[in-house]
Amino acid sequence: MCSNDPWPALLGRQDECRTLSRLLASVQCGHSQVLVLRGEAGIGKTALLEFLVGRAAGCRVARVAGVESELELAHAGLYQLCSPFSDRMGSLPGPQRAALDTAFGRRPGNPPDRFLLGLAVLSLLSEVAEEQPLICVVDDAQWLDQATAQTLAFVARQLAAQPMGLVFAVRTTDGESQLADLPGLEVRGLGVDDAATLLTSAMPATLDLRVRNRVLAESNGNPLALLELPRALTAAEVAFGADPRSGGAAARSTASRLGHGFVRQLETLADLPRRVLLLAAAEPVGDIPLFLRAARRLGIKADAVAAAESAGLIELRDHVRFRHPLVRPALYRSATAAERRTVHRALADATDPDLDPDRHAWHRAGAALGPDEDIAADLEHSADRAAALGGLAAEAAFLEVAARLTADPTHRARRSLAAARAKATAGAFNAALVLLAGAEAGPLDEAGQARLALLRAQISHNSSHGNRALPGLLAAARRLEPLDAKLAQDTYFDALAAALFSGRLASGPASGMRQVAHAARTAPRSEPPGKADQLLDGMSVLYTDGYAASAPLLRDAVRAFGREDITREEAFRSVWVAAVAALDLWDDVHWGVLSQRHLEVVRQAGAVSLLPVALATRALYDIHSGDLAAAAALVAESEWVADVTGGENVLTPMPAAWLAALRGHEKEAEQLIRTTLDAAVGVGQGGALSMMYSARATLYNSLGRYEEALASARTAAADPLEPGATKWAMAELVEAAVRSGALEDAADGFEQLSAMTRASGTELALGVEAARGALLHDDDKAEDLYQEALERLGRTTIRVELARARLLYGEWLRRRGRRVDARAELRTAHESFTAMGLEAFADRARRELSATGEKVSRRTMEAQVDLTPQETYIARLAAAGLSNLEIGAELYLSPRTVEWHLRKIFTKKGVRSRRHLRRLVDQ
């Protein structure tokens, strides 16, 4: 059916996405379409094809991808395209079927006639398209074998009235003579603003403005060039250049990414032009005056610079630029250690230590032959400032190089420990463990050993968020009590965070949340207490004295985080726990504010190890507040983080599962929920069990499968004190129990829910309580509670709960026989659910509206779509009494194609038969 619903365009590709959406709509309306996307490698052609495929709901999709190694294999691409439809080849005319069988090696014979083969492919695809609109996407068409390219070009030119789209993606730098005369769309680089946005999303750390502008200029808006950066380079390497003392493994990796082509070009250059390029590669800012000062110190003259520029790898304009952002590290790492030291010495001498002390120290380190305490001390002093230019990765790099340049074992162990801490927070867990092994060689005093044990436990926690780290964190906290009361208390806070994750799957009888709470309450206290200390006290009281006793303490702590400035340390360690506490208190305002503040700080600092928690916490807020588009963007970002870090984290699929559950996409939600549950059990993350069973309960309540919802809600709410999801699960339990007739369960669940919502006292808490409490009544008391719920929830940001309260109220009104009143509430609920994208809840509201006598199309927008001219003609012929065979003969269509068009016409016009269609046409 014709599609005209809104679509989320790719960044900077609004025009291209609009063109593809029009193409798709045309195919869905019965027309054939051909388009060739042309652009350089990495410009985003494949992403546009994926956009098209992702939008092709209701269409069948066939895919072909050209493979360079199969260029000489005749018909390899055709086999990719046609093999899924092999069961239909028997219906082709004999000569056409024989041509395909011969081309695919199923029967002996000479190469088939090109025209006959083209007709066979066209007939096969047309038959498929008659049953369902067909979209064929051909990626990397420049690598199709010649026979396939010729055949597909023939098919593209012969498409007529079939509902079929054929879209190619081909590099402009490669020959495409077969496709040259087909309709095309040039895919160009992103604009500066969009490229900057993509760079920021690809590298979540603050970058020196000069470096950022240089990267943008070198990328020329090529998305792949920008997205490749975090996979090949850390933020530190982007900001300061490659580690001047790194080994050759990274060099081989980066060189292989570029096909060794850039590096091979160096071999043809004389020594001085090669040194020019190496000098430019070692200086990441692209500062021409600095570059020229360093060049003079190396004895490089203008003619050598000109020779390097003429090689095509570099150009000197407003800045020194390479032709691709990854040329710089590839050239740098291809040089010998001695060559690198030489250019770094020149750059250090040319850099003003007063104006740019950090780069001066970095280049001095690159020029050092061995340990040097002066340079190591400068690097250590520069580490904090370096973080402002390259995030935690830069801070960690400075500290790591400082440790390597330190001769004194005690200082080296201390610096290695500091570097390991920064590496771990930046998400480089393996590198952090290597540095810890160096620090462990010592010598370390008792405090140093305790900090080392603490960091090992923190790495274990942040890398998996399972239950293995909790015993180590508790042990480290106890060990630190006589040494550093403040650090011990911070460590108890870390143990608290680990306990929140491990939940019911705590690794031992003495490692659960209650044990952490008791230990924290009896530990020595540092003065004065900070916000995190208040939060730790409140969470400890929750597990020792109960929800009601903890609520005032947690409320004060959460408000302190909301109104006061927060340090980076607080942002890293405790703000997300404050956001969880706000959720536990049904405090939607602080849940929203604190989850956003946490995410912003973590992103800006490049604290990759903390991003999964920050993204999940914020995504869950966006989901419950009804902003599913924002949540989907965060889910995509979390998948990017997992891809870049190579880590498996239970937190990655969790928000995606909630998103699918609230949308009512049962198959997708169940797959994600099961995946998350399996992973959670594997690492011991009990908190994820509550989250996923709560999501499942919500899903089945939306689908009206209340017994299944009740079973999941019971499991989710097994420990009511467990923060976060258990509160939502109790609300789901009450609704599911009432609807499935388990009234005793409903009353018990509501009693637990009410005790907590009353202790919280927020508008959200009392609104949810009123909405669920109304389910337990069938008199005027119910109506009072529903109206109270709407009033209270209308003052919150949690739009999903407001819409659900309207749905419950509307259902109650309908059952009381008050159809007019019910329609008003149900209509508003339906509109809200539809606007938010909560499809199952919207469908539940639609069914209730239908029961009141008001007819609501499942997809109103589609019902309003006009018929195409062809569909109008078919409708008139059908209304006149012609059979499908007769209509097909009139329009040169097969009877099956006519039937397919009629089904679309019936759907668009909301009719069920030709008799109804006749009435419509007569009007």
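The legends below describe close-up views of a predicted model. Local features need pLDDT of at least 70 and side-chain atom pairs count only at pLDDT 80 or more, whereas totals for chains, interfaces and linings use all residues. Residues are numbered from 1 along each chain as its sequence is written, and side-chain values use heavy atoms, with hydrogens and water left out.

**View 1. The largest nonpolar core.** This core, a set of buried Ala, Val, Leu, Ile, Met, Phe, Trp, Tyr and Cys residues joined through side-chain atoms within 4.5 Å, where buried means under 20% relative accessible area with a 1.4 Å probe and protein chains only, has 138 residues, of which L496, L535, M692 and F833 touch the most other members. Helix α24 (residues 485-502) gives the most to this core, with 11 residues; helices are DSSP runs of H or I, at least four residues, numbered from the N terminus.

**View 2. The packing of helices α13 and α16.** Helix α13 (residues 271-282) packs against helix α16 (residues 327-334) at an angle of about 120 degrees, their axes being 8 Å apart; axes are lines fitted to C-alpha atoms over the stretch in contact, with angles from 0 to 180 degrees between N-to-C directions. Contact, meaning heavy atoms within 4.5 Å, is made by L277, L278, A280, A281 and A282 of α13 and by R328, L331 and Y332 of α16.

Notes:
Buried < 20%, exposed > 50% of the residue type's maximum accessible area, 1.4 Å probe, protein only. Helix = DSSP H or I, 4+ residues; strand = E, 2+ residues; numbered from the N terminus.
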